[in-house]
Amino acid sequence: MFIEESARQISQSYLHQIYLKNQRLQEARRQKEAKKRAFLATLDAVQRDSSCLCIFTDGSSYGNPGPAGSGVYGYAPALPNSRAIFRSLSLGIGTNNQAELNALKLAIQTLLPHVRSLSPERKRRLSINFFLDSKYVMDGLNRSRVSANVNLFRDVLSLWDQLSVTVRTSVFHV
């Protein structure tokens, strides 16, 4: 009798653990779907804005550290004949975080001369939306965590400040 009761309790406990795990998985799926819907709604709103420029950045390394590179893609979604911006940079040996930072730096360095040449009226209307996949870079832009790559962060933040006082900038984590 004691063995049967113990086996039943273990079985119920195990089933309860499986139930809780399934509940956590379903909640994680709901959160992921909600985040995806919010991102798509934001992107849709951004794409309807005729004075908007969308910039996507990414960096990676093969190994950490290892051969690293950064890339930038940008376009003006509401302007049908606008040209896309493509930039890439080989960094040699570096970390993934360095590559992510260098991607944002490359994007801003590419944009700043063009933004500075705009008339004051166009600068007021222009909105630049950056889409980053690096939480590390997002934290650095919010100045909440800068522990490694301090000099590179300093360069990026200096460029960011120059850009954001000139035009409206927004950052989205994708």
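This passage walks through the fold of one chain, from its overall layout down to a few single residues.

The structure is a predicted model, so local features are reported at pLDDT of at least 70 and side-chain atom pairs at pLDDT 80 or more, while totals for chains, interfaces and linings use all residues. Residues are numbered from 1 along each chain as its sequence is written, and side-chain values use heavy atoms, with hydrogens and water left out.

Start with the big picture. The chain has five helices and five strands, where helices (H or I, at least four residues) and strands (E, at least two) are DSSP runs numbered from the N terminus. Going along the sequence, these elements come in the order α-β-β-β-α-α-β-α-α-β. Of the 174 residues in the chain, 31% are buried, with buried meaning under 20% relative accessible area, exposed over 50% and partly exposed in between (1.4 Å probe, protein chains only). Take the contacts (heavy atoms within 4.5 Å) in the chain with a separation of 6 or more: 63% of them link residues 24 or more positions apart.

Next come the strands. Two strands count as paired if DSSP finds at least two bridges between them. Strand E1 (residues 52-61) pairs with strand E2 (residues 66-75) in the antiparallel sense, over eight bridges.

Now for the helices. Leaving aside residues up to four places away in sequence, Lys-105 touches Leu-152, Asp-155, Val-156 and Leu-159.

Helix H1 (residues 2-48) holds Ile-18, which counts as partly exposed because its relative accessibility is 33%. Together with Tyr-14 and Leu-15, Ile-18 makes a nonpolar surface patch of about 310 Å². Patches are made of residues with over 30% relative accessible area and no salt bridge; like charges are joined within 9 Å, and nonpolar side chains (Val, Leu, Ile, Met, Phe, Trp, Tyr) within 5 Å. A salt bridge is a side-chain nitrogen of Lys or Arg within 4 Å of a carboxyl oxygen of Asp or Glu.

As for the surface as a whole, the chain exposes about 11100 Å², and carbon and sulfur atoms supply 55% of it. Accessible areas come from the Shrake-Rupley method with a 1.4 Å probe; for residues, only the protein chains shown count as cover.
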